Structures are given as structure tokens and as C-alpha cells.
Amino acid sequence: MRRLLLAFFLLLFTIPASLAVDTPDEMLPDPALEQKAQQIGQQLRCLVCQNESIEESSAPLARDLRHIVRQQLQQGHSPKDIEAWMVQRYGEFIRLRPAFYAVTALLWLMPVLSLMVALGLARRLWRRSAPSPAPLTPEERRTLDSLLKKD
Amino acid sequence: MTTLATLFCPEGGHFALALACALAFMQGVLPLIGLRRADSPLTALARPLALSQCLALLFAWTCLIVASLGDDFSLKLIAETSAISKPWVYKIAGLWGNHEGSLLLWVTLLALWCAGLALLPGQNATRPERLPCRLRARLLALLGLVGAGFQLFCLTTSNPFLRLWPVPADGMGMNPLLQDPGLAVHPPLLYGGYVGFAVPFAFAISALLDGKTEALWARYMRPWVISAWALLTLGITLGSWWSYSVLGWGGYWFWDPVENAALIPWLTGTALLHSVLVVEKRNLLQGWCLLLAIATFAFSLSGTFLVRSGILNSVHAFANDPARGLFILGLLGLYGGGSLLLFAIRAPALPVPQTGFSPLSREGALLLNNILLCTLCAVVLTGTLYPPFMQLLFGRTLSVGKPFFDATTIPLTLPLLAVMGVSMALPWRQARADRLLPRLAPALLITAGAILPAFWLFPTPLAASTALLALWVISAALCDLALRLQALPKGDRQLHRLPRSLWAASLAHIGVGVTILGLCGMAGSQERLIEARPGTHATLAGRDWALTALTAHHGPNYEAVEAHLTIRQRDTHGPVLAELTPQIRLFPQQGQRTLHVAILHRPLEDLYAALGSVKEEHDPQGQGHYTAILRLHENPLASWIWLGGIIMALGGVLHLLPARRRLIHSAGKARA
Amino acid sequence: MKLTRRHLLAALPALGAAGLGAGFVRMLHGLNQGHFDPRAINTPLTGQPVPDFPTLSPLPDAPALPGLARENFQSLKQPVLLFIWASWCLPCVEEIPFIRQLATSLVNRTAPLALWGLCYKDQPASAARWLEQAGNPFTRLGMDQEGQAAIDWGVTGVPEAFLIMPAPQTGGRIVWHRTGGLTDALYQAHIRPHLEGTP
């Protein structure tokens, strides 16, 4: 409970901070490299805030991690290496886009699965064909007629 | 003022809430007994009870508003969320910016929907298309039962009328981020939509209780689906606009659980909107439509539950309280679970349609639309619930965020757009390709002609192809209207002669296309972060952005630093495009700092500036200089995102207006 | 009544909802009991050797308190409880009476456990003042002013605690980790079993 309270407390303070515009100092001079850094950063979760990437957050830890991403890029590490470096320290939690492994298989297969199930059910409708619909009762027909006249 | 305050004292409001709860319970039980015993006076009680329940809740709201405007900090809710210095608009709007108030809003909106249903004239011999009185009484009863449960929740665990002792001299104030006009209207619209889906839900339960669907029930239900859908669309649009214009870095959708909780019922609601059409016209998919009606409302309820329970990791979460979560979960189990159980028992007995249809037909397209929308819904739902469930089941913590949702939802949206364009041109039952192609030809030509410009204008191939599909949707809707107009008899070729429902559907489809175009445009947004002293120029998107001055500004309950930016076309000598004044606001009462973004909406782009921070520097001569950090954005087509949402909702409204007769009437006048 | 595929299909939504509902009930129960925290982060370090991290200097004004380095874990004779803390952190203040009590009880029992500290993003002066006021429970203290070592440890905030067991080959193995303050209840439930060799 205390941790929850703490988190809530943090929340109050991270909201305004997350709006903060950071200094241009931390951006890399090379625009192409900077763009690459932003792409990597957008895949990494800010660990102290909710559902924000480190690029979007201004929490101090996010700033540190952003710095590390840029440092490692400059040293010539690949995006994959950098992500692995982060996962080694913070675990799968830091990936905003989970990797595909046993635990996340259902998550990634969900679109295909539900599409297949839905299409399978729909096929029965398409194939079902019979001569004519059930006739309307006289009352229904009267109502329908008056409606059709109105429309 | 004193008599007013005595009349509308918080205890009065508390009493009114309790009274409303009792009335709602009676509204739920008495008509059902009446219907069973064929006792018409008892059945007829449904309408007056619904109206008086609504009045009681409105009275409770009046009490709360009087207390808030009168700064009555002896009320816990007001002491915690208001302050003397707060502008009066937010003293009212702030009431639904917290857990207790928003729940009261929820039940009040439900009562308003009930009152609307009660006030609507019933069926008679001359107007058979209206709702039969017996069905209406039953719907009111079911809605009364839903309302009673939530009002009981309000009274027992989240009563907004609780007093506080000792009474503080001033309140703690409201989160400054929420002090925004957009957010004042956002909850009523969003909740109006959530709650509005209670009416189709009641229709579904009523049909399942009978074990058969009434003739024309889909026709009775459709206006309610459309109105709830239109409100939800507006609510989501406004919420997204708020995050764009308030949060300060140009984002409009974060795939946050709370946003997803609104998107999920919107997706199923949209599916319902389309499948109810199939039921109405072809009497197919009855069971599916009932299930969608139940699911949409159940998802609306679960949204309320998940936000308040603390289970989901969200930015927006209210003060989390597992005890409240358990109560709402109970209600959710009762209403959602109960109705799904009813569905499981009764749905197999529904009449099996004997007719089928070809995949290439209006029904086929609507069915495909339902499949894709429900798959999207399944993806969003899974993504939202996956982290807590993985933690519960395997003790693994993981995150599912924007990159995941982008990767999975976009491929599903593209075929949806493709189908949307074709669907309007398809006839019911069976389409013939040789007739279909000429109908689609104009739209296809327009889209094909736009291929090269699209790939030139949009930054990525994905954005370009999505934009082309959006253009396809828009042009198909417009061409379809034109062709149908042409098909009218020669002397009568006027736009208003076309059926209103056709207009509504076209408008809604155009709205979707416009929104998607906006999203594609935003993919090419450019931003720049600069450190600037007054007099500094920067270039972004071929414009010259100059910081001319930094000034102080006093607000009603905040102090602010204001940056004055002048944006010129081309270079420093070009004509002035805009003056933007972003601010940093400091709310001393909360010790909180917010950014006030300045945006110039232009038809094809937004110019967007946020002031991040200001610092004072001294040069060697000891002279002070102010330096500002500014984030500048150029967002192409940004306002189209929300414009599209408004167009969609307008389509819904158009469908609801009793416009036909009036249009003909006014047209007649115009001719005369 | 004959059960058909139609019955099965109609029952599926209710079954799915029941599954979700059961999950939600367990989550709420866990939230109430404190063993389900949706904001928790599993550290991948549990069960792993102590990570490589830059050597941390001691507090300048406290010569009796050595700093912290990776090598210190190489020659462990006893388990180490490593606290990540800072003088600006409120929950750390709430945690300190327990840590001090733990320190005194350890001294009396000829110390089967060492208490080490990692001071996260703090000013040496305020950290020293804070330690003086709180009564220093630590036998080693590293100043991580830049927060770089904390990132190597996968720290997301203060306070956090790691329990490290001696492992001569790898130089210390992390067996337990907690984000948030420590209490006696947590110590009894999670740390003591490790110390007594019955995790």
C-alpha cells in the first residue's frame, strides 16, 4: 500500500514534469543519429511514469536513459544492442513493444486468431442458403407497409 | 442567497440522492410486476418514476453546485478539489473531475436517458413506427435496475455529500491540468455515450427475456445506438484534443488504458451500429447484434471499473481504492455477467435465419466491417489487460504500449477502410461485379490519380497508402451520393430528396476518412527544440520563428511567464503568419507548474509552440539575460483528426433529426 | 435438451467474462493483501551475479565509512543487504528506524548480515547530515551522484533493497530484491529465510 501511495505521490509530480520541454543540449548534433536515438527511445518505457516512453518523459531517470541511448549510439552500438543493454538491467518491462516469446505469444497472435475465428464463423453465414424467408404476419406486414410509405 | 443555500443544502442533496435511489429501484421493480400481471396502472408508473428520479438527481446536482459556488469547504469533496480562487466555471466543471462527482454524473446521465425515453411519445394507431408502450415500460424498468445499483454504490462508498470536520479555511484546489474548457465538457459527453449504451443493452435484455425479438425491434433500437455512439465519438474526440492542446508535446493518442477503455466500447458500438442495420433490413445476425449490445454496455462498465480499481497502470487513474473496485466489480458481474448468462441460455433458441447472403453484398460488407472492428477490439482489449493478467498468472511484469498497438491496429484498419469505400455502393443480398465496377469507377479514378501526389506529400509509404485509402473512403461516399442523386427522377434531383439515413452514413464515413487523413498528416510533423533569447530566430518547416519578448502575466489563480513568438512566411522579411504566446503557469496553491501551449490552427497545418522553461543568465558585465527553451511543432493536417470526429458525430445527429418532413417543408417554402 | 454448436457459441462470451471476472477478483484481493502490485517491476537481476558497476567513492567527510566497488562483493564472507537511498526521499525516512533497529540487532548477534548503502543522486553534505541525524547503520556507503551505478543495478527509484549472498566464483549473487521501503514483516518473510538457509 505504501508503495502505491508513493506511486500516486510520484504521479502528482511527474505529470507536470512530463510536460517539461527539455534542453536542446541533450540532442545529438547529427540529425540522422538523433532521429535514430528518438526511434530507440520511443520503444523504451519510462520506468517511473505510466505508459510513456523515455523520449516523452522528463523524469530524471528517463533523462539519464535518453542520455545513455545517445552515448551508446555515438559509440557505434546498434539499436538492438542498446535495447538488449536496457533489458539486461530493467527486464522485459522496459520494452513498450514486448518481444515475442512464450509469455507474449497470445498477445501477438491475438489479431490473427480472432480474425480467423471471426471469418470461420462468418463463412457459415455465407454458405447457408435457403429458399425464402419466413413470411410476415399480417400485423407485421401492415406496420411495415405504413413504415415504407413514410420513408 | 441564504434561503437558496438552505433550500439546496448538502443534506438536501444527500437526501435527494437517496430518494433517487429508492425511486430507481421502484422504477425497476413495479413496472415489471405490472407487465407480468397485465396490471396497466402499475406498468404506467414507469414513466412518472423515471421522471421523478431524474428530477431528484438534478436537485442533488443543484445542491452540489450551490455548495461549490458558495465555497462550502465543509464538504469533503469540495475541500479536496476546489479553492476560493478557482474560476467559477471550474467550480462547476471541477465537480465531475473526481471519483465521487463523476459517478454522480454517471447516474444522472443515466436518469436523463431514462427521462428521454419516458418523454418520447409512444406507439399509437396512427404512428406504428414509435416505440410500443409496453416495451418502453420494460426498458425503463431495466434501466431503473441498472441505475439503482450505481446509485447505491454512490451512496455507500463514494458519497459526494460527506462533510468534513474541522472545516478548512480554503480548499486544496484542483489539478491545474484539468482546468481547461475542453475537460469541462469531455466527461459529460464521454459518460453520456457510455451510459447511452445502457438503452440498447436494455433492448437486448428485453428481447432475451422474451426469448424472441419483437418485430421491428432493431428499428426501435437504432436511434438509441446512434445517439450514444455520437456522444461517445464526441467525447473521445474531445479527450484526444485535450491531450494534444494541453499536455504540451503534440501527442493526441497515447494508447493509455483509460483511452483504450473508451475506445473498446466505441469499436463494439460502431460494430453494433452496422449490424443493427442488417437485422433491420434482412432480419439476420439477431443473436450477434444482441451480444454486441450487451458487450458494448459491459465494456463501458468495465472501463469505469478498471479506471477506479487501481488494476491498470494509467496516467488518468482516479485515487485508487480496491474496496470501491470490488463493489463496481460486483455490479459489473451482476449486470454484465448476468446478461451474458441470460444470453448463453436464451440465444440458442432465437430463430435461425433461413436465408444466407453472398459475401459480395451489403450484408457481406457490413459483416466484414463487424469482423474487423471486433478483431480490433480484441487486440486493444488483449493489449490493455495483458500486463495485469501476466503478472497475476506468471508473476511476469511487462509493458504493452504505443509501439505494440501501432504495429497491430494499423494493418487491421487498412482493410476496414477499403471495405468502407465499397460498402455504400453494394446492394443488399447479391451484388454483381459488372454493375458494381462502374459505380465505383469515379472514386477509384480519383484515388488512382492521387497515388503520385500522396507518395510525394506524405513522409512514409505507410502514411501515403493509408491516406490514399482514406481518400478512397471519402471519394466513394461522395460519388455514391452523386450517383444516387442522378438516379432520382429528373425534375426532383435535389439533395434533400435523398434519404436522410444515406446522408448520415455518408457523412460518418467522410468523417472517418478525414480523421485518418489527419493521422497520416501528423506522421509528417516536424519539431524543433530551441534555446532562445528575445531576438533569436529559428527556421522550422520553411518558416521563420522569432522570439520577440518574454513577459510576466497574472492569471486569476496563477502566475505565468509568457513568450511572444512571431512566425513569418519564408524568412525574416516574409509576411507575418501568426503571433503565438505560449506560457508557463505556476499555480502557487498546488505548487504545480503547467505548460500553456499556443496553437494556431490553419486549414492544412497547426503551428504549435510550447514554452518549456526560462532561466536567467548573467554575462561577464553582470547583466541579466533571460533564456527560454521552446519546443516548436509544425503539425500537418492536425486539426483534421478532431474535425473528422465532429463530422462523424454530425452524421449521427443528422440521422436522429426528424429532418425529412421539415426539410421538405422548408424546401417548399423556399420554392414559394 | 440437445446441446448444439449454437449452445456452445452462445456460452462462450459468458465463460470468457467469467474468466476475466475471476482474474479481477484475484487482482483486487491481491491489491488489498499487498501481494499484487500493478506497478511492480521484476528485476532481471534476481538469481544473477552482482552486475558490473563503476566504483563509487565514499562520503568525503566520513573516513571510517569505505566506498563501494564491484570487488567488494568478490570476497564476501556474509550476506549483504544493499540499500539504495537518498536524503531527499520521504519513504527512506520512514524506513530508517527499521534499518537502524536491524543494525543494532545485527551487532548484538555478531553480524550474520552486512548492511551497505548506495546513496542515489544526492549531495554529499546533505547525505552526511542525514546519516548523522538518522544514526548511520551502514558499514559501507557508495556515493552515486550521477546515478550511473544505480542504472547498472536496474534501480528505478528510491528506496530499493537487494539481498546478496556470498558466491566466491561469481562474486556475490542477488537472491532477493524489493522496490519500496523495508519493514520488519518483509524482513521476516523474505530475508530471514535466506539467511537461515531455507529460502
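## Burial and overall form of chain C

Buried residues account for 37% of the 199 residues in chain C; a residue is buried if 20 or more other C-beta atoms lie within 10 Å of its own, exposed if 12 or fewer, and partly exposed in between, with C-beta atoms placed from the backbone. The model is predicted: local features need pLDDT of at least 70 and side-chain atom pairs count only at pLDDT 80 or more, while totals for chains, interfaces and linings use all residues. Residues are numbered from 1 along each chain as its sequence is written, and chains are lettered from A and ligands numbered from 1 in the order in which they are written.

Chain C contains five helices and five strands, in the sequence order α-β-α-β-α-β-α-β-β-α. Its radius of gyration is 22 Å, well over the 16 Å that the globule rule gives for 199 residues, so chain C is more spread out than a compact globule. The radius is taken over C-alpha atoms, and the rule is 2.2 Å times the number of residues to the power 0.38. Helices (H or I, at least four residues) and strands (E, at least two) are DSSP runs, numbered from the N terminus. The C-alpha trace of chain C spans about 85 × 35 × 35 Å along its principal axes.

Among contacts in chain C with a separation of 6 or more, 72% join residues 24 or more positions apart. Two residues are in contact if their C-beta atoms, placed from the backbone, lie within 7 Å.

## Contact between chains C and B

Chain C contributes 24 residues to the contact and chain B contributes 25. On the chain C side, 15 are nonpolar, six polar and three charged. Ala, Val, Leu, Ile, Met, Phe, Trp, Tyr, Cys and Pro count as nonpolar, Asp, Glu, Lys and Arg as charged, and the others, Gly among them, as polar.

## Local features of chain B

Strands β2(B) (residues 537–540) and β3(B) (residues 543–554) run antiparallel and are joined by four bridges; strands pair if DSSP finds at least two bridges between them. Thr539(B) is opposite Asp544(B) in β3(B). The two strands, β2(B) and β3(B), form a hairpin with two residues between them, and Ala541(B) in the turn has a positive phi of about 55°.

Helix α19 of chain B (residues 461–487) includes Ala482(B). Ala482(B) is exposed, with 11 other C-beta atoms within 10 Å. From Ala482(B) to Leu495(B) the C-alpha to C-alpha distance is 9.0 Å, at 13 residues apart in sequence.
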